[in-house]
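Subject: Structure for you to look at

Dear colleague,

I am passing on the structure we spoke about, with my notes on what turned up in it. Please open it alongside this message and read the two together.

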Amino acid sequence: MTLMGVRSVVEAARSQHDFELALKREARFAEQARRDRILLATFTSEEDIKFVRDDRLAALNSTIMITQEKLAELQLQQADLEAQAQSRVDTKQPVPAVVREGVERLSASVSILKASLTSSQSEKRTLKKAFAADLGRYRHLKAQ
């Protein structure tokens, strides 16, 4: 009697597990079908996908370039203020508060721009991967 009861529980658990897996699989298929419909409704050709990709990459590249230029400018300003501060220290003169505060402010700005640059570069990699996947999926759907 005990063996029969255990077997029923195991089969029920396995069935529940299988049922949950099937639900997840159906949800993935439904989501893929939804994405496929959007992809086909949004783009009429591979060239459309490439155009949008290139446009978005150009915008990101512009943002990256502007951020790099601003970062270089701030780093030069920071190096100049740090040199001024070091010059005062070397001659045993007090470093003016405005110089200290300027170094701190520029240091914070440099950190923010570096983080922004890293984020933009990461976004660029993600965008390239997403468009490559979309282009591959679009080709697959059109070939069917």
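This is a predicted model: local features need pLDDT of at least 70, side-chain atom pairs count only at pLDDT 80 or more; totals for chains, interfaces and linings use all residues.

Which residues line the largest pocket? The lining is made up of Glu-31, Gln-32, Arg-34, Arg-35, Asp-36, Ile-38 and Leu-39, together with Ala-130, Ala-133, Asp-134 and Arg-137. Two or more of these residues come from each of helix 1 (2-42) and helix 3, and helix 1 is the element that gives the most, with seven residues. Sorted by class, six of the lining residues are charged, four are nonpolar and one is polar, and the space in this pocket comes to about 190 Å³.

The nonpolar cores are the other thing to look at. The largest has twelve residues, namely Ile-64, Leu-71, Leu-74, Leu-81, Ala-85, Val-95, Val-99, Val-103, Leu-106, Val-110, Leu-113 and Leu-117. Helix 2 (46-90) and helix 3 (97-143) each supply at least two residues of this core, with helix 3 giving the most, six residues. Leaving aside residues up to four places away in sequence, Ile-64 touches Leu-117, which also belongs to this core, as well as Ser-120, Gln-121 and Lys-124. There is also a second, separate core of ten residues, among them Phe-43, Ile-49, Phe-131 and Leu-135. As general background, nonpolar side chains tend to be buried together in soluble globular proteins.

With best wishes

Terms used. Residues are numbered from 1 along each chain as its sequence is written. Side-chain values use heavy atoms; hydrogens and water are left out. A nonpolar core is a set of buried Ala, Val, Leu, Ile, Met, Phe, Trp, Tyr and Cys residues joined through side-chain atoms within 4.5 Å. Buried means under 20% relative accessible area, exposed over 50%, partly exposed in between (1.4 Å probe, protein chains only). Helices (H or I, at least four residues) and strands (E, at least two) are DSSP runs, numbered from the N terminus. Contact means heavy atoms within 4.5 Å. On a 1 Å grid over the protein atoms alone, a cavity is a set of points where a 1.4 Å probe fits but cannot get out, and a pocket is an open set with protein on both sides within 12 Å along at least five of seven lines; lining residues have an atom within 4 Å of a point. Grid points are joined across faces, edges and corners, and a volume is the space filled by probe spheres set on the points. Ala, Val, Leu, Ile, Met, Phe, Trp, Tyr, Cys and Pro count as nonpolar, Asp, Glu, Lys and Arg as charged, and the others, Gly among them, as polar.
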